[in-house]
Amino acid sequence: MTDDRQLTAADYENLLAFRTSLRRFLSWSETRAREAGLTAAQHQLLLAVKGHPGGQPPTVGDIADYLLLRHHSAVELIDRAEAAGLVRRGPDDGDGRVIRIRLTADGEERLGQLSAAHLNELLRLAPLLHHLMAGETGPGRTQFYRDTI
């Protein structure tokens, strides 16, 4: 889909504010993960396991898709997380050839703490996202972005 309208200075300002907010959120998230004794990739892995829909734990292929990794890179990440006691592998209940990834109690606990903090941070950023999506402009907008991000 292409949009033939002319972009305005406000459009570029909104895009900059959004990308800056996203980068700051990701940096904040990485810091919280480190404080919890995890790498950012391990945090993403735990979230991919816990957030996987459908009632069955995810496969390695599911994890690779969620994290935008090649299969072998996902396997290496899972290996490291398993060695750290965060996840465990196990056969699928219906098809023993399929391997599913599950959180350990430690993985569950760390993810729970991180997720609560992340949801609070997203709630804090919600007004900024609302302003950006609404394309709001006007005096004080730049200061609003700086105060929010």
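**Exercise 1. State which pattern the protein follows along its sequence, and how many helices and strands there are.**

Step 1. Read along the sequence, the elements run α-α-α-α-β-β-α-α. Helices (H or I, at least four residues) and strands (E, at least two) are DSSP runs, numbered from the N terminus.
Step 2. The secondary structure comes to six helices and two strands.
Step 3. The model is predicted: local features need pLDDT of at least 70, side-chain atom pairs count only at pLDDT 80 or more, and totals for chains, interfaces and linings use all residues. Residues are numbered from 1 along each chain as its sequence is written, and side-chain values use heavy atoms, with hydrogens and water left out.

**Exercise 2. Describe burial, surface and contacts for the protein as a whole.**

Step 1. Of the 149 residues, 33% are buried (under 20% relative accessible area; exposed is over 50%, partly exposed in between; 1.4 Å probe, protein chains only).
Step 2. The protein exposes about 9,500 Å², and carbon and sulfur atoms supply 56% of this area (Shrake-Rupley method with a 1.4 Å probe; for residues, only the protein chains shown count as cover).
Step 3. Among contacts (heavy atoms within 4.5 Å) between residues at least 6 apart in sequence, 49% join residues at least 24 apart.

**Exercise 3. Determine how α1 and α5 pack.**

Step 1. Two packed helices are described by the angle between their axes and the distance between the axes.
Step 2. For α1 and α5 the angle is about 170° and the axes are 11 Å apart. Axes are lines fitted to C-alpha atoms, for helices over the stretch in contact, and angles run from 0 to 180 degrees between N-to-C directions.
Step 3. The angle makes α1 roughly antiparallel to α5 (under 35 degrees is roughly parallel, over 145 roughly antiparallel, 65 to 115 roughly perpendicular, the rest oblique).
Step 4. The residues of this contact divide into 12 nonpolar, four polar and two charged. Ala, Val, Leu, Ile, Met, Phe, Trp, Tyr, Cys and Pro count as nonpolar, Asp, Glu, Lys and Arg as charged, and the others, Gly among them, as polar.
Step 5. N14 counts as buried at 9% relative accessibility. The C-alpha atoms of N14 and L128 are separated by 10.0 Å, although the two residues are 114 apart along the chain.

**Exercise 4. Determine how α2 and α5 pack.**

Step 1. The axes of α2 and α5 come within 10 Å and cross at roughly 95°.
Step 2. This makes α2 roughly perpendicular to α5.
Step 3. H43, L46, L47 and K50 of α2 meet G107, E108, L111, L114, S115 and H118 of α5.
Step 4. By class, these are four nonpolar, four polar and two charged residues.

**Exercise 5. Find the buried residues of α3 and what they pack against.**

Step 1. In α3 (residues 60-67), V60, I63, A64 and L67 are buried.
Step 2. Seen down the helix axis, the buried residues fall within an arc of 100°, so they line one face of α3 (the arc is that of the directions from the helix axis to the C-beta atoms).
Step 3. They pack against α2 (40-51), α4 (71-83) and β2 (99-103).
Step 4. L68 follows α3 and has a positive phi, near 60°.

**Exercise 6. Locate T104 and list what it touches.**

Step 1. T104 is in the loop between β2 and α5 (105-134).
Step 2. T104 counts as buried, at 18% relative accessibility.
Step 3. Not counting residues up to four places away in sequence, T104 touches G85, L86, V87 and R88.
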